[in-house]
Amino acid sequence: MVLPMRRRNNRGLPLLFCLVLASCGSAPEKPNFRSEQAQKLSARADTAFLQDEYESAKAHYLQALRINASVENTPEIAAMRFNLARVFRELAYPWQAHHHLDILFSEPEPPYPPATLAAAAALKSQLYFEGNQYFLALAWIAKGEVYCQKKCPVSGSLLLLRAQMAQRDSHLDEALKFADEAVVALNSGSQQMELANAYRLSGEISLAKEDHTSAIHSFQQAYTIDQKLGVPGKIRLDLLRLGVAHERAGAASMALHYYARALAVSEAMGNAQNAEEVRAYMKALQENPAAGFHGSQ
């Protein structure tokens, strides 16, 4: 959203939250047979989601939702609807995502866990943000904060949304403040993927402020986390960001090094569109006379 390389997919930004929201704050207990079936389906869906296999994730979450609905497992019903909304967001069906989230808020007193409702409100905010409906985005951040009370698992994500809003309005100092507060809120070890998102956003804001050193540090922190988690799409994104940051800092050779690594990851993923995107950055850098590559390749 800040850098021109971004497409609609905003997975590098906030709102991963907990993959299985029902596990955030609920006491574990021995499940019955039907609930155990649903848990297995949800786990398969989580894996598919991380591998960008969204149709498979959707099918598994829907099956898990039906089973949980049949036994009125309220916390898991909420978690599956939230996860389905995440899937539909990635499939570029925001109206379907809103549908599943709106169901959670349709009752006068929603019976679902406050942490899940906070996450759902935050995801609605993100969807409105991506739809350029900023007033609604801000309103849903506020709703999420009411449910969260600064103590729930998505408090850091709500701070990241605040950072996005400030960044959009070019209030970069305020945006960086919110992003850094999100890093602190998420730096507990339990939400590493979202912590990487926070570092990445902090890096983008620092890049917009032309603080290349801070940007490189933040993107490197994000890469370290994503590499440990083994998420190829995020690793590629971090390497591409590192290339951009080094290029803008005037370190052309290092920029080309990171672009080449991002290209290798894109090709290993079998994603031709991502690979072409990286090649375009490499070509632009190599053809830039100021970079010192022109005529030497």
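The legends below describe close-up views of a predicted protein model.

Local features in these views need a pLDDT of at least 70 and side-chain atom pairs count only at pLDDT 80 or more, while totals for chains, interfaces and linings use all residues. Residues are numbered from 1 along each chain as its sequence is written, and side-chain values use heavy atoms, with hydrogens and water left out.

**View 1. Packing of helix α8 against helix α9.** Helices here are DSSP runs (H or I, at least four residues), numbered from the N terminus. Helix α8 (residues 172–186) and helix α9 (residues 192–208) pack at an angle of about 160°, their axes (lines fitted to C-alpha atoms over the stretch in contact, with angles from 0 to 180 degrees between N-to-C directions) lying 9 Å apart. The two helices are therefore roughly antiparallel to each other, a term used for angles over 145 degrees. Residues of α8 in the contact include Leu172, Leu176, Val183 and Leu186, and those of α9 include Leu195, Tyr199 and Ile205. The residues of this contact divide into 12 nonpolar (Ala, Val, Leu, Ile, Met, Phe, Trp, Tyr, Cys and Pro), two charged (Asp, Glu, Lys and Arg) and two polar (the others, Gly among them).

**View 2. Packing of helix α5 against helix α6.** The axes of helix α5 (residues 114–130) and helix α6 (residues 134–148) come within 8 Å and cross at roughly 170°, and α5 and α6 are therefore roughly antiparallel to each other. Among the residues that meet are Leu117, Tyr128 and Phe129 in α5 and Trp140, Ile141 and Tyr147 in α6. By class, the contact of α5 with α6 has 13 nonpolar, two polar and two charged residues.

**View 3. Positive phi at aspartate 52 and at glutamate 210.** Most residues other than glycine have a negative phi. Aspartate 52, in the loop between α1 (33–50) and α2 (54–70), has a positive phi of about 65° although it is not a glycine. With a relative accessible area of 30%, aspartate 52 is partly exposed, a class that lies between buried (under 20%) and exposed (over 50%), with a 1.4 Å probe and protein chains only. Glutamate 210, in the loop between α9 and α10 (212–229), has a positive phi near 65°, and at 61% relative accessibility glutamate 210 counts as exposed.

Conventions:
Angles under 35 degrees count as roughly parallel, over 145 as roughly antiparallel, 65 to 115 as roughly perpendicular and the rest as oblique. Contact means heavy atoms within 4.5 Å.
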